[in-house]
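User: I would like to learn how to read the places where chains touch in a structure. Could you take me through them one by one?

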Protein chains: 4
Amino acid sequence: MNTFGRILRLSSFGESHGAAVGGMIDGFPAGVPIDMDLLQTDLRNRRPSQKVGSGRQESDRIEILSGVHQGKSTGTPIGFIIRNQDAHSADYQALEQMFRPSHADDTYFRKYGIRDAQGGGRASARETVVRVVGGAFAKMLLYTQDVQVNAYTLSIGNISIPDGSSISVAEAPSFASRCPHKATDLAIQKLLKETREQKDSVGGVVSCIVTGIPAGWGEPAYDKLSARLAYAMMGINAARGFEIGCGFEASRMKGSQHNDRWRSDGTTEENLCGGVRGGISTGEPLYFRVAFKPIPSIAQEQDLLGEDGKLHRMEISGRHDVCCVPRAVSVVEAMTALCVADFMLLARCSKR
Amino acid sequence: MNTFGRILRLSSFGESHGAAVGGMIDGFPAGVPIDMDLLQTDLRNRRPSQKVGSGRQESDRIEILSGVHQGKSTGTPIGFIIRNQDAHSADYQALEQMFRPSHADDTYFRKYGIRDAQGGGRASARETVVRVVGGAFAKMLLYTQDVQVNAYTLSIGNISIPDGSSISVAEAPSFASRCPHKATDLAIQKLLKETREQKDSVGGVVSCIVTGIPAGWGEPAYDKLSARLAYAMMGINAARGFEIGCGFEASRMKGSQHNDRWRSDGTTEENLCGGVRGGISTGEPLYFRVAFKPIPSIAQEQDLLGEDGKLHRMEISGRHDVCCVPRAVSVVEAMTALCVADFMLLARCSKR
Amino acid sequence: MNTFGRILRLSSFGESHGAAVGGMIDGFPAGVPIDMDLLQTDLRNRRPSQKVGSGRQESDRIEILSGVHQGKSTGTPIGFIIRNQDAHSADYQALEQMFRPSHADDTYFRKYGIRDAQGGGRASARETVVRVVGGAFAKMLLYTQDVQVNAYTLSIGNISIPDGSSISVAEAPSFASRCPHKATDLAIQKLLKETREQKDSVGGVVSCIVTGIPAGWGEPAYDKLSARLAYAMMGINAARGFEIGCGFEASRMKGSQHNDRWRSDGTTEENLCGGVRGGISTGEPLYFRVAFKPIPSIAQEQDLLGEDGKLHRMEISGRHDVCCVPRAVSVVEAMTALCVADFMLLARCSKR
Amino acid sequence: MNTFGRILRLSSFGESHGAAVGGMIDGFPAGVPIDMDLLQTDLRNRRPSQKVGSGRQESDRIEILSGVHQGKSTGTPIGFIIRNQDAHSADYQALEQMFRPSHADDTYFRKYGIRDAQGGGRASARETVVRVVGGAFAKMLLYTQDVQVNAYTLSIGNISIPDGSSISVAEAPSFASRCPHKATDLAIQKLLKETREQKDSVGGVVSCIVTGIPAGWGEPAYDKLSARLAYAMMGINAARGFEIGCGFEASRMKGSQHNDRWRSDGTTEENLCGGVRGGISTGEPLYFRVAFKPIPSIAQEQDLLGEDGKLHRMEISGRHDVCCVPRAVSVVEAMTALCVADFMLLARCSKR
């Protein structure tokens with residue numbers, strides 16, 4: 001259940017305040033050039049900048065333990081760990097017998113009958129560093145077929161990139177909010193600053209685009225490319241919605257509006273379908289959006305539920321992002337890369 | 001890839017105009033009372049009524065071939081088939097070397113290098129009858145723990161149940177549009193009639209609610225209950241979006257608004273989280289929505305792409321629904337039941 | 001649990017005296033020529049001849065329900081059923097509350113808490129017809145790469161093909177005992193006749209050889225080619241042992257005896273390793289053996305255990321083979337083909 | 001493919017001479033007491049003693065990175081690593097472009113098109129330390145239901161425990177050869193010493209017994225308890241054969257000899273079936289044997305195949321066991337525990 005994928009598989013372990021997080025990438029084909037710069041860049045992009053982040057400073061030094069030899073993958077599993085260094089477990093002592101509102105504290109406890117409360121344990125966003133490592137390797141594999149994955153911040157709160165804006169998605173990492181539209185990025189930074197001052201948090205939407213994907217990846221029924229992407233995205237902490245192509249807007253459209261008009265070369269005028277028809281890639285760019293809720297850890301006074309069955313009014317300490325979206329951009333990109341690379345391998349088996 | 005689930009698994013085969021569709025339910029525990037009335041009711045509810053449907057009349061006579069003995073499940077796989085009877089394959093001859101707009105015709109061909117064009121083949125909604133069978137069995141299993149699944153039409157086109165309306169979700173099947181709000185149902189019927197007259201189609205949104213689900217079902221990381229539900233829903237034909245709880249609206253909210261306020265009994269005032277925290281059920285009702293695009297098969301003249309690489313202006317014949325949503329209500333319910341029942345079994349393994 | 005394989009997967013349902021047995025083959029690549037003669041031949045070879053068999057006469061008329069179009073596979077699941085016709089359920093009434101010795105009657109009951117006793121239910125060898133269908137399709141796929149699978153009877157009771165005999169494995173189906181060595185076949189027929197007269201049964205060993213398999217199929221650790229073959233073979237009813245290459249004999253050898261001597265072309269002088277090194281195929285013929293126990297249903301008077309917790313001395317009626325080995329030859333071949341074809345597809349993913 | 005199990009799953013990574021080997025145990029229920037002494041004992045038992053081992057001295061210091069809190073499992077994945085310390089990679093330089101006889105060198109190369117030759121890479125028995133860790137955790141889970149797993153050396157070369165000897169299987173670890181029969185252990189030690197002097201190696205057989213397992217664990221068709229055990233055992237390096245109960249001997253028996261005679265309490269007089277009927281546990285002790293070939297790395301001069309396609313006569317250096325069996329005892333025990341514990345969890349889903 002802590003493994004993602006069918007042929008290309010990422011397995012993940014680790015808690016926020018344990019010794020380390022880590023994992024293993026299995027089914028990774030041999031002979032892929034390993035680009036450690038790409039890996040380090042992706043890890044750096046995931047870390048919240050000081051302008052928008054939580055204050056927790058993890059160097060995220062990764063140790064690759066197997067599966068790579070002389071700069072190439074060997075085909076055997078790629079094991080890796082990242083030690084946890086800047087954990088302030090003391091912040092969590094007051095919470096040991098408390099369930100925070102809209103957190104996973106109580107559901108974990110009721111599932112397992114046991115708690116490892118420090119830092120949110122396995123439910124913490126700390127685990128997403130493992131996904132970013134897996135995603136970086138998946139990108140290396142996708143690059144052998146010129147497939148590119150790029151995610152960016154589309155909106156935070158009510159501030160969104162204006163429709164029709166021209167943006168360069170590949171530049172998202174150079175913006176503090178990961179929103180590659182200068183005016184929107186600045187407005188978002190202002191919103192995040194205000195929100196932090198209000199001891200509050202805020203949600204947002206990440207958009208993702210995959211280019212270079214050939215036609216024919218995906219499966220007809222339960223394992224549609226769109227279905228596996230939805231699964232991958234909704235498995236990210238705080239994700240609340242997924243839509244592909246026109247998404248929910250499609251539900252208000254007529255067929256005559258939504259149908260893409262063919263060009264004779266097999267592409268379409270509009271690509272409203274978002275690069276997937278019948279669950280299988282069309283060869284046109286794939287695009288979708290993921291909605292994230294506001295982080296529930298806010299510094300305002302709230303009622304916590306005690307294991308004693310009573311409400312306790314208190315402020316939650318600990319270092320928390322004011323918005324998960326800038327960080328989630330990296331995770332969306334990583335999970336997309338893992339999902340698409342898995343289909344790339346499966347597609348090798350669809351014809352005799 | 002044509003199997004859904006981990007412990008409780010539905011495998012599905014069959015094309016729209018082949019001899020039969022069918023499948024097998026594996027991992028179904030022994031000793032569950034088999035309610036053939038429930039099964040027949042669900043099959044009947046899936047069939048589009050003459051007011052809103054395609055005109056294709058399938059009796060959907062199901063034959064259970066194994067796994068049931070003296071009114072109870074035996075623990076062995078439940079095999080079943082449903083023969084195709086009312087197929088008008090001749091309707092599709094003109095399309096044999098054509099790719100319809102926004103259909104899966106071309107992506108299947110590019111994936112497999114071969115076509116079985118009649119009736120849309122495996123991509124046809126005919127396959128969903130198998131899901132409804134699987135879902136009916138899953139419901140029988142869920143009923144042993146008093147878990148109920150109910151889906152209904154929330155909106156079609158721009159017509160939606162008004163916010164704050166009081167509805168009885170269990171009565172949805174008795175409305176032609178599966179929308180359990182009388183005025184909205186009538187308005188939808190009118191819209192569907194007009195849309196058909198315009199030789200057009202229209203999208204819509206299905207809402208689903210699960211009650212009676214205890215706390216602790218779901219997995220922490222990739223297999224969140226919300227992630228598996230998204231996967232299940234986006235694997236339904238024509239699905240374009242999924243959202244749980246506040247969904248996309250949550251992306252515009254502050255934490256102080258979105259956080260659910262605890263009651264001392266462990267429930268919350270608002271349940272804005274939609275019954276899932278950290279991927280695990282909370283014990284409160286689970287609810288989510290699924291967006292469906294308009295059916296691409298419309299009777300207006302359109303450009304089809306030929307295998308000859310040329311555009312061919314023509315009308316598509318064949319019998320098609322004007323909107324998939326009334327039928328999709330049954331499929332959403334079925335896939336939800338399968339997904340939740342799978343977690344019910346997995347939950348038996350989370351503690352020593 | 002009733003599905004075999006990872007990429008190429010056979011799912012199976014059905015009880016001995018139910019309406020039908022059947023299944024579905026998923027992950028079967030598109031464009032493979034479907035050879036219905038091969039399928040019928042394999043089904044015929046599985047049926048015990050009147051000389052050595054149980055007397056149950058099933059025509060085994062198979063109905064292919066999907067996944068095949070104009071003589072080729074389409075890439076979608078291949079569903080099929082075979083109706084049960086010649087079931088004598090009355091034979092089993094006396095056994096309804098009895099557990100036969102060395103049968104699965106009691107273990108099924110204790111696992112599921114429920115019984116469908118007729119004809120042995122799911123534990124009956126009737127289910128193996130599904131495997132033979134799956135195996136026939138797997139062979140069609142393997143033939144596209146010139147891989148051949150041949151099994152035969154090596155020994156029954158104490159009668160075995162003499163060491164060093166020259167045999168033609170492909171001719172096994174033309175011998176009543178499936179032993180392609182004339183004198184041994186005749187001796188076995190005599191033994192089976194005597195054993196039947198003694199109201200007894202007898203065990204035996206099936207040998208299998210796979211030729212044409214290229215080097216590089218198999219996985220390094222848990223999914224060794226030899227491990228998956230052992231899994232496939234020991235999943236056959238009545239299998240009690242598996243050995244590859246020198247097998248148990250290797251345990252008594254020295255390294256200097258067992259090491260195969262290289263030839264400069266990469267083949268070896270001896271191929272004592274049986275075509276697998278480190279779990280991966282070597283390119284030389286693969287060979288292994290499977291031991292089967294005597295069928296426990298014998299017509300002698302025995303003590304049966306009643307659900308009442310008492311021993312009941314009685315004779316078991318019903319039609320039973322005197323030896324499962326001639327029939328098991330087909331099943332060994334089928335499961336081998338399924339196992340090897342699965343690795344053929346997986347091998348497409350081992351390099352970038 | 002480097003993951004073993006369905007509910008309880010061990011994933012494994014690492015090469016012999018890389019930085020570390022490690023893995024992750026997923027699906028391990030919460031609340032199981034973690035017995036670090038048991039873990040260290042099992043790791044120690046796996047290490048070859050100086051009398052019979054390879055001379056490689058690994059302290060096998062394990063670092064548990066997650067999933068354990070205050071002496072109990074938390075239900076989240078248990079990640080762990082063991083660093084490689086005593087690797088003599090220089091020993092392998094001469095072999096970099098050589099394929100040793102009866103080794104996996106060439107098959108890995110032909111599978112992946114790339115080599116990481118040092119220490120045998122992923123094919124080395126070094127990986128089995130990961131299995132022993134996984135097995136130790138599985139044992140802790142089994143102990144909550146009083147299930148015990150014990151393996152021991154039955155024979156090495158032609159020296160075997162005499163039939164009918166009284167042995168105490170739990171004491172096997174205290175014997176250098178892991179053979180709990182004093183005279184046989186001494187004879188084996190003598191044989192191993194002579195074999196080493198002859199620069200040779202030798203094979204052997206491991207026997208394993210599981211007690212306390214209740215009736216009803218296992219699945220009817222492809223996932224028989226015996227089939228999964230065979231898969232687990234044949235996935236161990238150098239395994240060549242598996243047999244359960246009477247095994248190959250059963251192939252020479254009559255039904256009247258092989259059928260176990262019922263006692264009225266549901267046990268049998270003989271338990272010749274080895275604790276499994278129809279793939280499902282009977283409640284009586286489970287027992288089986290695994291044959292191991294002689295280690296192919298012998299110090300005698302042999303022909304190696306060069307990547308240059310020529311034969312090269314040379315002696316192989318490096319430190320190698322003279323027999324893998326004493327070490328394999330631990331691995332058989334570990335893989336058995338993993339396999340049986342997985343069925344223990346699955347069995348929770350067989351009834352409503």
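Analyst: Let us begin with a term: a salt bridge is a side-chain nitrogen of Lys or Arg within 4 Å of a carboxyl oxygen of Asp or Glu. Here the side chains of A:D106 and B:R277 form such a salt bridge, at 2.7 Å from N to O. This is a predicted model, in which local features need pLDDT of at least 70 and side-chain atom pairs count only at pLDDT 80 or more, while totals for chains, interfaces and linings use all residues. Residues are numbered from 1 along each chain as its sequence is written, chains are lettered from A and ligands numbered from 1 in the order in which they are written, and side-chain values use heavy atoms, with hydrogens and water left out.

User: How many salt bridges are counted between chain B and chain A, and how many residue pairs are in polar contact there?

Analyst: The count is four salt bridges between chain B and chain A. A polar contact is a pair of N or O atoms within 3.5 Å; within protein, one must be able to donate a hydrogen and the other to accept it, and residues adjacent in sequence count only if both atoms are side-chain atoms. By that rule, 49 residue pairs are in polar contact across the interface of chain B and chain A, both residues being at pLDDT 80 or more.

User: How many residues does the contact take from chain B and from chain A, and what area is buried between them?

Analyst: Contact means heavy atoms within 4.5 Å, and here the contact takes 102 residues from chain B and 103 residues from chain A. Buried area is the accessible area (1.4 Å probe) that two parts lose on being put together, summed over both. For chain B and chain A it is about 8100 Å², and carbon and sulfur atoms give 58% of it. On the side of chain B, the residues B:Y222, B:R240 and B:W262 lose the most area to chain A, together 13% of what that side buries.

User: Which strands join chain A to chain B?

Analyst: Strands of a sheet pair through backbone hydrogen bonds, either parallel or antiparallel. Strands (E, at least two residues) are DSSP runs, numbered from the N terminus, and two of them pair if DSSP finds at least two bridges between them. In this model, strand β12 (residues 239-244) of chain A is joined by three bridges to strand β12 (residues 239-244) of chain B, and the two run antiparallel. Within this pairing, A:G241 has B:E243 in β12(B) as its bridge partner.

User: What area do chain C and chain B bury between them, and which residues of chain C lose the most area to chain B?

Analyst: Chain C and chain B bury about 2900 Å² between them, with 61% of it on carbon and sulfur atoms. In chain C, the residues that lose the most area to chain B are C:F13, C:L65 and C:I114, together 19% of what that side buries. The contact takes 36 residues from chain C and 36 residues from chain B. Two salt bridges are counted between these chains, and C:R83 and B:E63 meet through their side chains in a salt bridge of 2.9 Å, N to O.

Key
Helices (H or I, at least four residues) and strands (E, at least two) are DSSP runs, numbered from the N terminus.
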